[in-house]
Amino acid sequence: MRILVALGGNALLRRGEPLTAENQRRNIRIAAETLAPIGRDHQLIVSHGNGPQVGLLALQAAAYSKAELYPLDVLGAETEGMIGYMIEQELGNILPFEQPSRRSSR
């Protein structure tokens, strides 16, 4: 069976937590540990949001006044790639190597 799971950006960087890569990776690991049993028996498709991550990059870029700001679509693409990479890493650490996986970004 094919199962689609959507992880919201706020599930990956929770409100009130420092917006660090370490916190995001920990939250992704928690999600991966929850999803792995499903992925062992079914084709798991993971989609994700990226609102807080885009906001963080926009704030970081705005703090650096010597460079022109990147447009939001570029920041969106950058964060989607980063989040997808972390999800694949964490699921890959749990699921067998031979387990096929699919990833989709919004």
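**Salt bridges, core and helix packing**

Arg25 is partly exposed, at a relative accessible area of 22% (buried, under 20%; exposed, over 50%; partly exposed, in between; 1.4 Å probe, protein chains only). The model is predicted: local features need pLDDT of at least 70 and side-chain atom pairs pLDDT 80 or more, while totals for chains, interfaces and linings use all residues. Residues are numbered from 1 along each chain as its sequence is written, and side-chain values use heavy atoms, without hydrogens or water.

The side chain of Arg25 meets that of Glu90 in a salt bridge, 3.1 Å from N to O (side-chain nitrogen of Lys or Arg within 4 Å of a carboxyl oxygen of Asp or Glu). This pair links distant parts of the chain: Arg25 lies in helix α2, Glu90 lies in helix α4, and 65 residues separate them. Arg29 counts as partly exposed, at 32% relative accessibility. Through shared partners, the salt bridges join Arg25, Arg29 and Glu90 into one network. The count of salt bridges comes to three. Glu17 and Arg26 form one of them, with side chains meeting at 2.7 Å, N to O. Arg26 is partly exposed, with a relative accessible area of 32%.

The protein chain has four helices and three strands (DSSP runs numbered from the N terminus: helices H or I, at least four residues; strands E, at least two). From the N terminus on, the order is β-α-α-β-α-α-β. The C-alpha atoms fill a box of roughly 50 × 25 × 20 Å along the principal axes. Of the 106 residues in the protein chain, 33% are buried. Among contacts with a separation of 6 or more, 78% join residues 24 or more positions apart (contact: heavy atoms within 4.5 Å).

Helix α2 has 21 residues, which at 1.5 Å a residue should span 30 Å; its end C-alpha atoms are 30 Å apart, in agreement (expected span: 1.5 Å times one less than the number of residues). A kink of about 40° lies at Leu35, shortly before the proline Pro37 (angle between axes fitted to the seven residues ending there and the seven starting there). The buried residues of α2 include Asn23, Gln24, Asn27, Ala31 and Leu35. The buried residues of this helix pack against β1, α1 (9–12), β2, α3 (51–63) and α4.

The largest nonpolar core has 15 residues, and those with the most contacts inside it are Leu7, Leu35, Leu44, Val46, Ile87 and Leu91 (buried Ala, Val, Leu, Ile, Met, Phe, Trp, Tyr and Cys joined through side-chain atoms within 4.5 Å). Two or more residues of this core come from each of β1 (2–7), α2 (21–41), β2 (43–48) and α4 (72–94). The largest share, five residues, comes from α2. Beyond its neighbours within four places in sequence, Leu7 is in contact with Leu12, Ala31, Val46, Ser47, His48, Gly49 and Ile87.

Strands β1 and β2 run parallel and are joined by six bridges (pairing requires at least two DSSP bridges). Ala6 stands opposite Ser47 in β2. Strand β2 is mostly covered, with five of its six residues buried.
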